[in-house]
Amino acid sequence: MKRITMRSFLTLIVVGALGFLAACGGGGTPVGVPPPPPPGQNAAAITVDGGPVGGYVNGAFVNVQVCQPGTSTCQTIDHVLVDTGSSGLRLLASQVTTITLPVLSDSSGNTLNNCVNFLDGSVLWGNVAQADIKMAGEVASATSIQLIANPAPGTYSIPVGCTGMNEDSQQTLGTNGILGVGPEAFDCGASCDNTSTPPPVYYLCSTGTGCVLTTVSCGASCNDIQPNAQVTNPVFNFSGDNNGVIVELPAVTGTAATLSGNLIFGIGTQSNNALPSNTAVLQLDSNDNFSTVFSGETLPMSFIDSGSNGYFFPNGVESGFAGNNIPICASPNDSFYCPATLTPFSATNQSGSTSSPINFSIDNTDNLFALNPNNFVFTDLAGPLGPGGPCNSTNTMSCSFDWGLPFFYGRSVFTAIDGGTAINGATPPFVAY
Amino acid sequence: MKILEKSFFLALASAVLMLLFALPASASLGGDVASVHQDQAHVKGTLKTTSAKAFTVHEINASAKTVIKEYVSADGKVFAITWHSQFIPNMQQLLGSYYQQFADAAATQREGHYSHRPLNIQQPGLVFQNGGHMRSYYGRAYVPAMVPQGVSKDDIR
């Protein structure tokens, strides 16, 4: 699956800023967590806990080892969020303290920077660097990652096109990084390559002239003869087991302090990652979505996302959307629901010939948080997504059901990467469970 | 894998574009029609205008499947904005003077518990809703007091 070509007119230089960054805290060891499963060639241990600074709810974390390319100079970063809703590894530069990763730059010395927004209005900004990424027995060699908040803030201004809540520390991000293992190989893809108007994702920056938008090759996958330099799903760059992942987490009734599970690499490549014939396979559309039927509405922009920490779906209080009038909590929990009591719901996920009914329940978020201050696992956490109202061709504001981490509790959820060959007759990209 | 040397190459497919950042960030939400054209220039988009009920919709289409709709009332003020894009558009540009209110409300929601989830801000002076995932985002923002009489919130789509 390697798609690297040797030809390039721009060289990479090492920017040694990282080595000078002060260590800023460190990941704590979770308390009361059962021992992780035995390590395997393609299985990394997942822990759901409060994250490196505590207070993270429904966050699935793994350890990721990053190495200076081609060397055994490595550092293991704990509490990196497993996110099937994005692609590429992003690490807080403040946590990469003992190694120096080479930052990409052009021949004039302008460094390549990456700006990515997430659905909560947050933004991550920082250099693109290359690392050998190691998890379990797998290696993604010389893979582009984002070093969040590198170089140090103030070296040059974050461009105006890169706006949102800047999450540049453990205190604001709540994790040490994000491991994007979603259904795409690259964070941007062809939209940042074969275009004269690149979106606000990649910038070349210098202390003299500031930052300007740039295109970046995503290699042969994008019909570009230049090698891929975009921030890349590490799994895609593994030498094997590189067509997707499985997130396995045990079932939880209500709430729990912590949870342990597995992130398994590859689908149908080993004895432990077969795609069973009775699995519900949801083929994804060009926007990596499928349909969920909920409250009589078909929501064609639905998705499964381990990086979302609850069930999120259209709210009816504002618009009178039939069948769903769950109250939204008061501030500061106003991105979550607060029904009076635990309330059961059902929905059906659909794609092609697959029709898969799902039962779930929603509890009062204010109560959940108040009554369980030391718990970080909440099965019945949910909130509003979009304003509600009918979903149709002219109103796509309320057309999503976001199946976050609670959906993963008690399931093995497969995410197959776009561009891969068919697995048991299912063509990636798809999700399955 | 013997690709040590290979890692020392970066490919940039084409030249750098500087134009976008010569433009001033100016008010859009709450601003006048002129601000729509500034937003259009900011994303290098094409503009289409349609009238309905008590407002005019200015639809900006740009790269990365970006569609931004700005809702302008009869008195020429932008009272609502919606977006669909692979990437979340520049909120400072689109929200203008309302950006700080958005940022403060979003920061407040982060207090107490960390999470990554769709954003829903419901304040008397600003409603902001955002959802989706990388490569498939959408959302809307509006100022309730500026929504013309007879226009439903469901018309902001």
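Helices (H or I, at least four residues) and strands (E, at least two) in these legends are DSSP runs, numbered from the N terminus. Everything here comes from a predicted model, where local features need pLDDT of at least 70, side-chain atom pairs count only at pLDDT 80 or more, and totals for chains, interfaces and linings use all residues. Residues are numbered from 1 along each chain as its sequence is written, while chains are lettered from A and ligands numbered from 1 in the order in which they are written.

**View 1. A loop residue of chain B, B:Lys65, has a positive phi.** Look in the loop between strand S2 (55-62) and strand S3 (66-73) of chain B to find B:Lys65. Its phi is near 55°, and this residue isn't a glycine.

View 2. A:Ala142 has 24 C-beta neighbours inside 10 Å, so it counts as buried.

**View 3. Chain B meets chain A.** Here 60 residues of chain B are in contact with 89 residues of chain A (contact means C-beta atoms, placed from the backbone, within 7 Å). On chain B, the elements that each supply at least two residues to this side include helix H2 (91-95), helix H3 (99-110) and strand S4 (78-85). Sorted by class, that side of chain B has 29 nonpolar, 22 polar and nine charged residues (Ala, Val, Leu, Ile, Met, Phe, Trp, Tyr, Cys and Pro are nonpolar; Asp, Glu, Lys and Arg are charged; the others, Gly among them, are polar).

**View 4. The largest nonpolar core has 160 residues.** Such a core is a set of buried Ala, Val, Leu, Ile, Met, Phe, Trp, Tyr and Cys residues joined through C-beta atoms within 7 Å. A:Val62, A:Val82 and B:Phe102 have the most contacts inside it. Strand S6 (residues 122-135) of chain A gives the most, with eight residues. Beyond its neighbours within four places in sequence, A:Val62 touches residues including A:Ile46, A:Val80, A:Met135 and A:Leu263.

How values were computed
Two residues are in contact if their C-beta atoms, placed from the backbone, lie within 7 Å. A residue is buried if 20 or more other C-beta atoms lie within 10 Å of its own, exposed if 12 or fewer, and partly exposed in between; C-beta atoms are placed from the backbone.
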